[in-house]
Amino acid sequence: MASASSFQLMILVIQCLAALSVSHSTSVHFFLHAQVWAGSFCASEKGCCFPNTGMVSQEFTVHGLFPCSSSGTRLMNCDRGNSLDLSQITGLLHTMQRKWPSYSCPSSDSTPFWAHEWSKHGTCSLSVFDGQYDYFKAGLDLKDKVNILQILKQEGINPDGQYYSSERITRVLQIATGVTPALDCTVDKFGKYQLYQVMFCVDKSGSEFMDCPVYPEPTCPSIIRFPPFRGSAAEGIYLRS
């Protein structure tokens, strides 16, 4: 009897864990769409490497599309057994190489980065998107809705290594898009705060920008640097091979 009871208890635990996993994957209340500035990635202590598929666009590129709960918590790793299948996103690969590349070293074709994003974030979005193609296409479509670099340049905010008000950057993007973004900053190898990425909240359909129900914790001081990105070297910070 003890053995049978133990077996039944084990089955119950497995069922509860499975139910918990499903609930995590279906509790998306909104998304965060993050676009990263390669100049800041390259100015970090680790440096950067271009994808071996070729040069990338000198613009903000997609970091990820992160599903969030009602409290703003990012939902992650909902189905570790659901791995990236490149055959499902063949029609997107050329665009992803330019607009959703990896800058991590060593150089790759960005597949490990996409696999990471799918496993960590995409698997928690299956209540919204019908598979991998729809998830990555949504990330690309959102990127095409807003040209961050163009908006900033039009207002005299250029990636020239100068310092700008983080409040002004936020305001310029808010006026242009109608929603208030969140800025994310990192520290470069010289200990200076720099604009790393811009994040916009997206409605639960994964298609329209919105003001954030809950904003991420601020990481930027009042004045931040906007480093250059010239494709091979920036102020003596060279790409690693």
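## Serine 69

Let's start with serine 69, which sits in the loop between β2 (61-68) and α3 (93-99); helices (H or I, at least four residues) and strands (E, at least two) are DSSP runs, numbered from the N terminus. This is a predicted model, in which local features need pLDDT of at least 70 and side-chain atom pairs count only at pLDDT 80 or more, while totals for chains, interfaces and linings use all residues. Residues are numbered from 1 along each chain as its sequence is written, and side-chain values use heavy atoms, with hydrogens and water left out.

Serine 69 counts as buried because its relative accessibility is 13% (buried means under 20% relative accessible area, exposed over 50%, partly exposed in between, with a 1.4 Å probe and protein chains only). Not counting residues up to four places away in sequence, serine 69 touches Ser27, His29, Phe30 and Leu75, where contact means heavy atoms within 4.5 Å.

## The annotated active site

UniProt, in an unreviewed entry, places the feature "active site" at His63, Glu117 and His121. They span 59 residues in sequence, yet no two of their C-alpha atoms are more than 11.3 Å apart, so they gather at one spot. UniProt positions follow the numbering used here, feature names are shortened, and annotations may be inferred rather than shown by experiment.

Histidine 63 belongs to strand β2 and, with a relative accessibility of 22%, counts as partly exposed. Leaving aside neighbours within four places in sequence, the contacts of histidine 63 are Ala34, Gln35, Val36, Trp100, Phe113, Glu117 and Gln197. Glutamate 117 is part of helix α4 (residues 111-120) and is buried, at a relative accessible area of 2%.

## Threonine 170

Helix α7 (residues 166-177) holds threonine 170. With 18% relative accessibility, threonine 170 counts as buried. Its contacts, apart from neighbours within four places in sequence, are Thr180, Pro181 and Leu183.

## The chain as a whole

Stepping back, the chain has 7 helices and 9 strands, and 46% of its 241 residues count as buried. Among contacts in the chain with a separation of 6 or more, 75% come from residues 24 or more positions apart.

The accessible surface of the chain is about 11700 Å², and 53% of that belongs to carbon and sulfur atoms. Accessible areas come from the Shrake-Rupley method with a 1.4 Å probe; for residues, only the protein chains shown count as cover.
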